[in-house]
Amino acid sequence: MAKVLVIGSGAREHALAQTFLKSPQVTDVFCAPGNPGMVRDNIQTIDIAELDFDGLVEFAKDKLINLTFVGPEVPLAKGVVDAFEAAGLTVFGPNKDAARLESDKDFAKHFMLLNGIPTAQFGSFTDSATALKFATKLGFPVVVKQIGLAAGKGVAIVNNQTDLEAAINDAISKDGRVLLEEFIDGEEFSMMVLLGKNDRVIFPVSQDHKKIFAGDKGPNTGGMGAYSPVPHIDDSLIRITERTIVDPTIKGIKAQHLDFNGVIYIGCILDHGVPKVIEYNLRFGDPETQVLLPQLKSDFYQLTMDLIAGNPVKTEFQHDGFYLGVVVSAPGYPEKPEQSIPMPDLPKNVVFAGVQKNANQLVSHGGRIFTIVDHADSLKNAQQKVYAELAEIDLSKFYYREDIGYRDI
């Protein structure tokens with residue numbers, strides 16, 4: 001029987017661990033460092049930081065871990081997979097070199113350009129004066145992005161010169177460079193692809209809600225909710241996306257010797273009906289994972305091991321409804337979330353993220369605290385089901401958006 005180690009501590013990792021535990025082959029799932037909310041699902045949390053590569057490798061060896069699955073982007077960017085592979089351990093995730101497709105947006109955009117993958121017009125700059133000249137050519141609004149990792153919050157859409165200068169200077173101060181893009185006003189959707197030695201698995205399309213306030217207003221967050229499938233991203237659009245984006249991306253990964261076993265999350269946008277790439281992430285999304293994994297009817301452990309081994313992969317997804325998840329956050333998120341708020345009684349379908357134990361009481365610890373997910377025969381019913389549950393919980397000290405799924409309802 002198999003033992004699995006999941007690296008990370010958020011709701012994404014909680015959902016991954018839950019899914020691995022469904023496999024009849026898996027006896028134990030450990031999560032490092034995990035969070036105390038996971039314990040009620042028989043997930044064993046381990047007090048090892050996600051950047052303590054030596055500690056993680058030693059634990060995996062000592063416990064005879066059969067598979068390690070890396071959740072978050074920072075350890076991937078810093079080379080956790082390289083450390084596990086050097087120790088001869090089975091791990092699912094990109095190595096440090098491949099992880100640049102997420103950790104370095106300039107590298108990723110040039111990868112798209114080289115491989116003929118449709119994306120927004122862009123330029124990257126190390127000085128603000130040259131950046132401002134390029135922005136003038138693009139015209140307002142302008143998309144200003146930090147080059148490096150920013151937990152989903154390093155993007156600003158600016159509409160005037162004052163905000164533009166401030167956003168450019170802020171990005172350069174953080175990474176030494178700034179990426180500017182033309183603004184595309186279109187529908188966004190997420191496509192998660194599991195890459196293996198000889199095969200791939202494409203998950204159903206999902207749609208995230210990045211802005212903090214209803215109607216997609218306010219600053220970006222790590223994600224305030226998601227749903228899947230996405231009715232208005234129909235089969236024909238999915239096929240076009242596979243042909244023009246997914247296939248060239250995988251071909252480019254192989255051509256540039258960036259081969260890896262892991263997840264590539266392609267953030268897409270429709271530009272006058274044509275799918276283009278906004279960005280790559282090299283891991284499952286959060287909160288998308290929470291609404292995607294419940295749709296998988298196949299054995300997730302077997303599927304992952306088959307991808308790594310290069311075996312033929314058989315995948316089955318449910319086709320009888322919709323999943324919708326709403327993220328509950330601490331007030332003040334994303335700028336300055338309040339801490340240590342006692343958690344109310346919560347239903348079983350909660351996936352925990354920013355929580356910790358304080359005198360045997362779960363309290364908030366971070367920005368996004370938990371996700372509540374429901375399934376129904378229609379998206380509208382799934383939405384109503386989630387919000388009816390949220391209304392029954394005392395969340396007066398927390399915050400959540402009340403319109404997740406609105407684009408399709």
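Thr-68 is buried, with a relative accessible area of 1%; buried means under 20% relative accessible area, exposed over 50%, and partly exposed in between, using a 1.4 Å probe and protein chains only. This residue lies in strand β4, residues 67-70. Helices (H or I, at least four residues) and strands (E, at least two) are DSSP runs, numbered from the N terminus. Not counting residues up to four places away in sequence, Thr-68 touches Leu-5, Ile-7, Ala-60, Phe-84, Thr-90, Val-91 and Phe-92, where contact means heavy atoms within 4.5 Å.

A word on the model: it is predicted, local features need pLDDT of at least 70, side-chain atom pairs count only at pLDDT 80 or more, and totals for chains, interfaces and linings use all residues. Residues are numbered from 1 along each chain as its sequence is written, and side-chain values use heavy atoms, leaving out hydrogens and water.

Next comes helix α9, with 21 residues, 235-255. Its first and last C-alpha atoms are 28 Å apart, close to the 30 Å expected at 1.5 Å a residue; the expected span is 1.5 Å times one less than the number of residues. At Glu-242, α9 bends by about 40 degrees, the angle between axes fitted to the seven residues ending there and the seven starting there. Its buried residues include Leu-237, Ile-245 and Ile-253, and among the elements covering the buried residues of α9 are α6 (105-114) and β16 (262-271). After the helix comes His-257, whose phi is positive, near 55 degrees.

The largest nonpolar core has 56 residues, and Leu-101, Tyr-280, Val-326, Met-343, Phe-370 and Leu-390 touch the most other members. Such a core is a set of buried Ala, Val, Leu, Ile, Met, Phe, Trp, Tyr and Cys residues joined through side-chain atoms within 4.5 Å. α9 gives the most to this core, with 6 residues. The core lies between domain 3 (186-309) and domain 4 (322-400), because both give residues to it; the domain bounds come from an automatic or database domain assignment.

Finally, 5 strands form an open sheet in the order β12-β15-β18-β22-β19, with antiparallel pairing. Two strands pair if DSSP finds at least two bridges between them. β15 and β18 pair over 4 bridges, and Ala-226 has Gly-325 in β18 as its bridge partner. Here are some strands of this sheet:

| Strand | Residues |
|---|---|
| β12, an edge strand | residues 207-208 |
| β15 | residues 225-228 |
| β18 | residues 322-329 |
| β19, an edge strand | residues 350-352 |
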